[in-house]
Amino acid sequence: MDGMTRRTLNDAPLLDAAVPGRTPSRTPVWFMRQAGRSLPEYRQVREGIDMLDSCFMPELLAEITMQPVRRHDVDAAILFSDIVVPLKAAGVGVEIVAGRGPVMDEAIRSRADVDKLAILESDVPEVTAGIEIILDELTDSQALIGFVGAPFTLASYLVEGGPSKNHEKTKAMMHGEPETWHALMQRLTPTIIRFLQLQIDAGIDAMQLFDSWAGFLTERDYREFVLPYSTEILGAIEDAGIPRIHFGVGTGELLGAMSEAGSEVMGVDWRVPLDTAAARINAVSGPKVLQGNLDPAMLFAGRSVVEQEVARITSEAAAAIAAGHATGHIFNLGHGVLPNTPAEAITEAVAIVHGEN
């Protein structure tokens, strides 16, 4: 499948919510990290298999991607992958350490290190094959969302050597050696675009750019050191004809700036009410579709709490749309599903959003 033969989905709630002028048949809902440790079937198929290895096994990555769709009746699958997969595919030494996250074989500390960083130029046939299997199983009302990590988050992993609480090495390079920082962002951007393009060519229906760590930045630093590259990535696929979603954690102060990068949909984390977020976005970029933003911890609080929270969030979205500050709403969490979330609570939350039982 290539971009010219993408599935035509005439009744997919996620796409209908993401495209202005279309009305979804129900409020679409999917959850970040819906595939993963919260599901017993995931723990079973992943047993003894390294996390990154599983991202390069077509049948397994397809199975993991589809598990929450089958179980929860969500309106979209999100490709099972990791933000470091394109680095690994390019030949960068990285492994995902249990309980810690992605750890680099060698951190990037100098301009010479940047210049040596591998760039992804080839296809990643394992991912393409996985997407093909997923598309065969999805119905015409279920979208497949592809994703990539934004260059800031990838750069931080590379500079710190792994996850960081304070991003001090990242910020030190950004401010102390800005030329090296910009060279690193310029080096990463083609790899991210390439990995995104091969997902588009394989037939994904929408995409999300995750900037997991952007919330650690001031707006001024975000605009100078990050925004141009995220804009370049989203711009590179503008003609693909698929909705583009942009999301970061703890980015309430950055929503206006992030909305300038060019996505149709803005993900909002759980710290900012959707109507407040919409006003911030609209003031900078005009109205966009909102995605979010149930606090993942609420899935532990019982049905009545989830019902109250869903009602509040959907009413905030409706208020934003009525005010002309937003054009639609895709329900999601304000971050990812927590690993020990009861699977039944996720299924129940989806049914509540859909207005069932």
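The exercises below treat salt bridges and annotated positions in a predicted model. Local features need pLDDT of at least 70 and side-chain atom pairs count only at pLDDT 80 or more, while totals for chains, interfaces and linings use all residues. Residues are numbered from 1 along each chain as its sequence is written, and side-chain values use heavy atoms, with hydrogens and water left out.

**Exercise 1.** State how many salt bridges the structure holds, and locate the partners of the one between Arg194 and Asp123.

Solution. 
- A salt bridge is a side-chain nitrogen of Lys or Arg within 4 Å of a carboxyl oxygen of Asp or Glu; the structure holds 19.
- The closest N and O atoms of Arg194 and Asp123 are 2.2 Å apart.
- Helices (H or I, at least four residues) and strands (E, at least two) are DSSP runs, numbered from the N terminus.

**Exercise 2.** Decide whether Glu264 and Arg244 are buried or partly exposed, and place their salt bridge.

Solution. 
- Their side chains meet at 2.7 Å, N to O.
- Glu264 lies in the loop between α13 (255–259) and β7 (265–267), and Arg244 in strand β6 (residues 244–248), 20 residues apart.
- Buried means under 20% relative accessible area, exposed over 50%, and partly exposed in between (1.4 Å probe, protein chains only).
- Glu264, at 28%, is partly exposed; Arg244, at 6%, is buried.

**Exercise 3.** Explain why the "binding site" positions listed by UniProt do not all gather at one spot.

Solution. 
- The unreviewed UniProt entry lists Arg33, Gln34, Ala35, Gly36, Arg37, Asp82, Tyr157, Ser212 and His335. UniProt positions are given in the numbering used here, feature names are shortened, and annotations may be inferred rather than shown by experiment.
- They span 303 residues in sequence and the farthest two C-alpha atoms are 23.2 Å apart, so they do not all gather at one spot.

**Exercise 4.** Describe the surroundings of Asp82 and Ser212.

Solution. 
- Asp82 is in the loop between β1 (76–78) and α5 (85–90) and is buried at 15%.
- Not counting residues up to four places away in sequence, Asp82 touches Met51, Leu52, Cys55, Ile96, Pro102 and Phe147; contact means heavy atoms within 4.5 Å.
- Ser212, in the loop between β5 (206–211) and α11, is partly exposed at 24%.
- With residues up to four places away in sequence left out, Ser212 touches Thr153 and Val249.
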